[in-house]
Amino acid sequence: MFRYILKRLLYLIPVLLGVSFIVFSLLYLTPGDMARNALGPSASEAAVKALRIEMGLEDPFLVQYGRYLKNVIFHFDLGYSYITRSNVTPEIMSRAGATLKLAATAITFAVVVGVPVGIISAVRQYSIFDNVTMVAALIGISMPVFWLGLLLILLFSVKLHWFPSSGYSTPMHMVLPMMALGAQSVSVIARMTRSSMLEVIRKDFIQTAKAKGQRRNKIIWRHALKNALIPIITITGTQFGQLMGGALMTEVIFSIPGIGRLMVDSIMKRDMPMVLGCVLFVAVTFSLVNLVVDILYTYVDPRLKTQYE
């Protein structure tokens, strides 16, 4: 297992290199002057040119990218913001807690709601509950986070005054962002749980358990669900990674000071070091979550341990 974890961590290096190169290239080719953005529209051309030279923006593309990689790899330094001139790493770390909290609550909400709904739909296949659930799941998958967030604010904050419309300091503040961000994941997890459970409950060992007179709840929760967990765990890990990306829009709508909101502001200002730092943080988090998911497989199905040696 240790060798497998080490191998996966080493695979993370080319992934991060590829991500950083693509994002760096896109920002480099985007129209606009980062030095002008940093100094403001009233700054003189001489001051802008001097700042461009100081920040190394006059250098060729490969020189700039090579210098960035050197600082990241050998000094673990993500650089300094072109706009605020502050160190990127502490700024990202100060925002990471809000994003991770939002993504964690959203995926918890998705699992707590989606898994039971999927199980009930599978057990009561083609019932009214199953049909309504599947229609609701299709609507949930197709509903953009932005519009869902606005609808939740209008209904539960503006009209009913049940929950605050911005912030994240208390559990009440997290309810609407959690629902807006986790709604699509609820739908995806419910559909996957239903599909996986339907496949399992038709297998011979489930029929044997029924023939032995075991209680229905025991068959469903102990035998069927345990054998249906691997696809559910897989989709949950994938959804968590997507929630990290979806948090970008959610944080903007609900004024949450997380990585997503920082990234949006930095893209608007063409603050290359800050954007790169945010993207690398999301990429590392997503890769580590996938690694944790793979490790969980061995606890769900010990037969898979031989694959990780």
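Predicted model: local features only at pLDDT ≥ 70, side-chain atom pairs only at ≥ 80, totals over all residues.
**Notebook: charges, fold and ring pairs**

I started with charge: the protein carries 29 positive and 16 negative side chains, and the centres of the two sets are 14 Å apart. I counted Lys and Arg as positive, Asp and Glu as negative, leaving out His and the chain ends. Each charge sits at NZ of Lys, CZ of Arg, CG of Asp or CD of Glu.

Numbering runs from 1 along each chain as its sequence is written, and side-chain values use heavy atoms, without hydrogens and water.

Next, the fold: I found twelve helices and zero strands (DSSP runs numbered from the N terminus; helices are H or I with at least four residues, strands E with at least two). Of the 309 residues, 44% are buried (under 20% relative accessible area; exposed is over 50%, partly exposed in between; 1.4 Å probe, protein chains only).

Then the rings: I got nine aromatic pairs (Phe, Tyr or Trp six-membered ring centres within 6.5 Å; planes under 30 degrees apart are stacked, over 60 edge-to-face, the rest tilted). Phe 21 and Tyr 65 pair edge-to-face at 5.3 Å centre to centre, with 75° between the planes. Phe 21 is in helix α1 (residues 2–29) and Tyr 65 in helix α4 (residues 61–75), 44 residues apart. I have Phe 21 as partly exposed at 38%, while Tyr 65 is buried at 9%.

Phe 24 and Phe 61 are also edge-to-face, at 5.6 Å and 65°. Both are buried. I see ring pairs joining Phe 21, Phe 24, Tyr 28, Phe 61, Tyr 65 and Tyr 68 into a cluster.
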